[in-house]
Amino acid sequence: MTGWLWRRVESRLRRDVPSDRVGPVLAELAEDYAERRSKTGAFRAGLWLLTESRSLVVEYRRRDRRQPLALVVESGGDGASRRPRIPIDAADLRSALRRWRRRPGFAATAILTLALGIGTTTALFSVIDAVVFRLPPWPESDRLVAIHAVFPERRQLPASAATWNRGALSYQAWDLLRAAPAFQDVGAWRSNPLDTTLGEDRVQMVETMDVSSNLLPMLGVRLVHGRYFTDAEDNQNSDSVILTYEAWQRRYGGRSDVIGQPAILGSASSGDHGARVIVGVLEPGFAFTGDPVPEVLLPIGISAQASRRTSGGSLRLVGRLQPGLSVDAASTAIQAVVSGVERREPTTSRLVALAEEHWRRPARPLWLLFGGAALLLLIACTNVAGLLLGEGRARRPEIAIRAALGGSQGRVMRQLVVEHALLAILSAVGGLLLAHWMIQAFIATAPAGIPRLASLGIDTRVAAFALVLGALTMLVFGIGPALALARTPAAEALAQGGRDPVSRRPLGLRAAVATQVALAIVLLAGAALFGETLLRLTAQPLGFRPDGLAIVSFEETWLPGLTRAGLTAEEYRALTPAQHAERQQRLDQLWSTGWRLHMAGAMDRVSALPGVVAVGGGRSAPFLPRDRRSTTALRPAGRPASEAENVRTQSVTEGYFDAMGVRLLRGRNFSEADGTTRSPFSPNRSTGSRPIVISRELERRVFGDNAVGRQLMAGTSTYDVVGVVEDVRWRQHAEPDTATCYFFADLYRSVSTLVIRTSGDAAGILPAVRDRLRIYDPNLVITTTETMDHLLARSTSEERFRAALSVIFGAGALVLSATGLYGLCVRRVADRRREIAVRVALGARPDNVRALVFRDAWRTVAVGVLAGVPSAIAAVQVTRSLVGGLPSLSSYTIALPALVLGAAALVAMLLPAQRAAAIDPLVVLKE
Amino acid sequence: MHGPLGEFEVVVLMAVLRLADEANGSAVRQDIEHRAKRKVSRGSVYVTLDRLEEKGLLSSRLIDAPRVRGGSKRIFRLTPAGLKGARHAVAMFVRMHDGLEPVLGKLS
């Protein structure tokens, strides 16, 4: 430790004490130090040594400064030995810091501006890095392909525009493809709807995924406990489940004896509620499809028997190509297989590299954001370049004096380079800090569907990116100003008595500002485009009143599940056969007769809450995460079954339309009197016609005009159309009108959703609703309690995310370019002070002076706008090719940015113009 | 040749004079701190010694000190001009003091 300290002290002294003096100075210091050390110990002596050496350095420096000629001497032979020529000198750093302390505004602005640009770009780079650049972890991932069914006929249908070429395949197709020579192996998976886990806890919802036995090994997913599924489990019922690592930790506390533990699952789709056995636990971080991440994996054979009977496809297939076979060749090879087996409608197939499908495709819109961030960075850079130009001008006298005293051009250059490097490093560090926050915000607000978001963060790659970015920006944008400054002819600058030389044409600064204006227009156009998209989308009529609406949804299968519901696994196992039977009987009774009372009771409890205006029940509700509507083939009475239309069905209570705010166009609503007949879902169907309410689109499609009083047939049942209601959007704002029929849920049997109309604060009422229902029936599994506003917001999360980011980028660009313009104006006014003073003295009015400033700046703005508008148009076209669902280029996507920018420019010019107008010729001309 | 000496310069000259063959920077400083009862920084003593040498009031020689860092010590002594300067400064003090005894007290 002493050695280190001494080395430091010695090097400092050798630098600042003349070389012929430094020996004795050191020797005597060392002697005193040794003495002191023996008295006070190493630590205190060390402190003493530092103070002593500091006093030597300070005094010798002060002496040097009192002798100005030393500067000249320094660059001669004597100085050379004292100051070793290393590229970066601590003195340069110190002098930079000193200057910044004197002008904190300049340094702060430059660093903040650059940090903003670097931070934004870095944040998006970290996203892209995590999502795009990393290779998938799957073994030999280049040979893995996703196999999609393609339904050419669905291409034209708006509802299936996004899904027509990525359809699921059937079991038969899977079997044939496994045998096809193109593939080494084909695995299958299926993401399941929410299932009810009846694990150790009370009833809960979890995501599950069915997988074939070969899928996990194919993807290289390893187990930390237990075994994979077996081949036999692909085709027959099985009791096995595999837990993800996360579920194991969360639900079983990472218990090591979890293998062989029971897990009881109730499945909405298959209706089985059997006890299962945990056979394996996955390694951490299983996220094959990204979203939603399943907690429990089931063998695909569980529902195989049921599914094999239907010809429809539900399987997602992943194939491993034979070595050496290209994706295209394999694609042609299997075409006939798929077309031959899927006969419900014309079907072809499409192979997509799995890495592209699940790894890169979801990231494509991110490139756009990255581009936006890069533009912002570019603006920040030009802004800082402008700042540096201005700063350089202010420093010309200083540099000139240095040069006159013998500071070489290289020496001055070195000083500037050090300053710029310092700027770059500080900006990069600030940028990283900003990026850290932005990434947090990004994770919190990003729409679903971007894979591997959770693994985002700042690692060495990202940090290196930020540093390189900082260095590059300063290199590219600092070198010009630095060169201009270092070349300043000393004589010229000094001849002007240290006053600024008037440069008539600040071309560099003008170019920088014009560039900023042009880039800002591009970014503002992006903001206008995405903003317009979002506004148009949310302005679409929904067919119901969303404000003040709350939705509560229950697990549909909770009734069968009740045999176990409300009990822990322990309690359930402890039930005696008698208790079991009694429980079952109570449930049967509830199911057959008491359900209406039960549901009506629930609805009564909710309507009694203060603030609730109306309550209705339905099988489902618009914008719920899971669309539970089913489809029925309807035809006008008297027409053959072949003319039937597939129609979405919803079952509702009489209060549903009022509570939803769905407008009744013709006819009447359901009434309690309609309830004497049976619902179509009743086990004992009665004959005779039943009432039905239809949507306007269904009326238009089937009847063309007023449908009230006419009849519809579904199978052998007849329905009287009693009313026609407005079309309602179900999943997206932009979806086309869908033909929907509303059955009367007179027995409430299929009611699993309550729609609650409140007098205002829907969010505030939700906790009370939840509590009331929990008290009323602790067994009710509530899956969703949301306000409609929230559900709607979620359905547009992607659009809102894009709009928000693009508006942030646009606003940042606007502020930066306005600041740049302001700087230009201030500089011009300063340059022309004398000229303006003379003009005022000769009778120019303040208005004339203002006009002078405006005219001067407008030229630059105009150049920027002229360059910006075509760039913006091009950028919008590129954006539209990358992101679907955007409106075509409207004139105001371009006009609005130009206008906004003009307004900002006006504001930026106002203050300098005002200052110019206030110039007093008496004061200025006397200077 | 040189202007009037500063107070500190006089003090340093006197310390060098007293220390004779021991007059290196560190000893000079200790002597001043000891007698003048005031803290002086190492740097200011060394700079002043250098300055006095440049003015020709001090001369110095190096003696080897092979076992310590730096390898040598510098011993100062007064040149004739230095001696004259010191005398001159003391005489000036005495002259200025003349008649002020009732107020300032005796020169020890």
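1. A term to start with. A polar contact is a pair of N or O atoms within 3.5 Å; within protein, one must be able to donate a hydrogen and the other to accept it. One such pair sits at A:Thr113. A polar atom of the A:Thr113 side chain lies 2.5 Å from the backbone oxygen of A:Thr109.

2. What kind of model is this? The structure is a predicted model. The predictor assigns the complex an ipTM of 0.86 and a pTM of 0.62. For chain B, the mean pLDDT is 86. Of the residues in chain B, 96% reach 70 or more.

3. Chain A overall. Chain A has 927 residues, and buried residues make up 50% of them. Its secondary structure comprises 30 helices and 23 strands. Take the contacts in chain A between residues at least 6 apart in sequence: 79% of these join residues at least 24 apart.

4. Back to A:Thr113. Which helix holds this residue? A:Thr113 belongs to α7 of chain A, which covers residues 104-133. Is A:Thr113 buried or exposed? The relative accessible area of A:Thr113 is 7%, and the cut-off for buried is under 20%, so A:Thr113 counts as buried.

5. Neighbours of A:Thr113. Leave aside residues up to four places away in sequence. A:Thr113 then touches A:Ala380, A:Asn383, A:Val384 and A:Leu816.

6. The interface between the chains. How many residues of each chain take part in the contact? The count is 22 residues of chain A and 22 residues of chain B. The size of an interface is often given as the accessible area lost when the parts come together. Between chain A and chain B, the buried area is about 2,000 Å². Carbon and sulfur atoms give 49% of that area.

7. Six salt bridges are found between chain A and chain B. Among the salt bridges between the chains is that of A:Arg21 with B:Glu53, at 2.7 Å from N to O.

8. Where the chain A side comes from. Three helices of chain A, α1 (2-16), α2 (19-40) and α3 (42-66), each supply at least two residues of the side that touches chain B. Which helix gives the largest share of that side? The helix is α2(A), with twelve residues. By type, the residues on the side of chain A that touches chain B are ten nonpolar, three polar and nine charged.

Note on methods:
Residues numbered from 1 in each chain as written. Chains lettered and ligands numbered in written order. Predicted model: local features only at pLDDT ≥ 70, side-chain atom pairs only at ≥ 80, totals over all residues. Heavy atoms only, no water. Contact = heavy atoms within 4.5 Å. Buried area = accessible area lost by both parts, 1.4 Å probe. Salt bridge = Lys/Arg side-chain N within 4 Å of Asp/Glu carboxyl O. Helix = DSSP H or I, 4+ residues; strand = E, 2+ residues; numbered from the N terminus. Nonpolar A, V, L, I, M, F, W, Y, C, P; charged D, E, K, R; others polar. pLDDT = per-residue confidence, 0-100. Buried < 20%, exposed > 50% of the residue type's maximum accessible area, 1.4 Å probe, protein only.
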